[in-house]
Amino acid sequence: MDIYIDIVYLLNLVITFLTLLSITIFLNDSAKTRWLFLLSLLISISTFLIYLDDKYIVVYLLWVAMCCGLYYRHKAIYAIVIFYITSFIIKFTMINFSKNAVLINGVLIVGLSFNWLVMFVITTIVIGVYTSYFFKLKKELTIEKLFVDVAIKLCTEEELIICKGFIDTGNAIEKDGKVVIFIKSAKICNFVESEHVSIYTVNGMDTIKLMTVDYVVMNGKKYFDVYISCVEDIYIEKVDCLISGKLLYWG
């Protein structure tokens, strides 16, 4: 059968990329697509192992382990196991589908035929489904990271106020170098105005009352340069306060 190294590389690149998307989904990770593609290019260099004896499959396994280890780090063991299982399931499925397909040193080789074309189309469709699910998962993970547990220590109360916060990247309001957290008025028993600030709203200029807090705890870190301002309601389910995105970069 006719074999072209560029076709073999392309096919194994597609399978590798599909496998890495599977790892991302299984690990519930939020990897960037361009890094997954670059990792696929790197792993697919193993295509040139087809020129060596069959006993060199261990080189393929070690190369995959090294590439996955460098990228996934603390999740490397899980990533490597998932890669081996998913990759070989895909490849052996293709071998059973086509009589012209063989596996040499972990590299799938398929001769040019109608069956190869069918396999390539099917693989492309599967990748399309995986990719759409991947982006959906990535979006959900990004949104999930915006929800944080927050503890607020007021000057007027001894106990911490525990609430669920949402990081509002559009909240850039400051007063004297301090950010403003908007919190439901139902969470604050004794609001004592210490400052006020004028802001632009959809209805024009408005003035909001501010209260100084001792500190705010978020993700295990204390933040001191913070004001709070009470609002009647926050139209995000199960959210008690809106956290300024600037707080992420402040100590």
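This is a predicted model: local features need pLDDT of at least 70, side-chain atom pairs count only at pLDDT 80 or more; totals for chains, interfaces and linings use all residues.

Reader: OK, rings in general: how many aromatic pairs does the structure hold?

Author: It holds 5 aromatic pairs. One of them is Phe17 with Phe37, edge-to-face, at 6.4 Å centre to centre and 75° between the planes. Phe17 sits in helix α1 and Phe37 in helix α2, so this pair ties together parts 20 residues apart in sequence.

Reader: What about Tyr60 and Phe88, how are their rings arranged?

Author: Their planes are at 80° and their centres 6.3 Å apart, so that pair is edge-to-face. Tyr60 belongs to helix α3 and Phe88 to helix α4, so parts 28 residues apart in sequence are tied together.

Reader: Are those two buried or exposed?

Author: Tyr60 and Phe88 are both buried. Ring pairs also link them with Phe92 into a cluster, and Lys91 lies over the face of Phe88, 5.9 Å from the ring centre.

Reader: Switching topic: which residues have the most contacts inside the largest nonpolar core?

Author: Ile152, Ile228 and Ile243, in a core of 21 residues. Elements giving two or more residues to this core include β3, β8 and β10. Apart from it lies another core of 19 residues, among them Ile23, Leu39, Val64 and Tyr72.

Reader: And what does Ile228 touch?

Author: Its contacts include Ile152, Phe191, Lys209 and Val213.

Note on methods: Residues are numbered from 1 along each chain as its sequence is written. Side-chain values use heavy atoms; hydrogens and water are left out. A nonpolar core is a set of buried Ala, Val, Leu, Ile, Met, Phe, Trp, Tyr and Cys residues joined through side-chain atoms within 4.5 Å. Buried means under 20% relative accessible area, exposed over 50%, partly exposed in between (1.4 Å probe, protein chains only). Helices (H or I, at least four residues) and strands (E, at least two) are DSSP runs, numbered from the N terminus. Contact means heavy atoms within 4.5 Å. Rings of Phe, Tyr and Trp (its six-membered ring) pair if their centres lie within 6.5 Å; planes under 30 degrees apart count as stacked, over 60 as edge-to-face and the rest as tilted. A charge sits over a ring if NZ of Lys or CZ of Arg is within 6 Å of the ring centre and within 35 degrees of the ring normal. Lists of a residue's contacts leave out its neighbours within four places in sequence.
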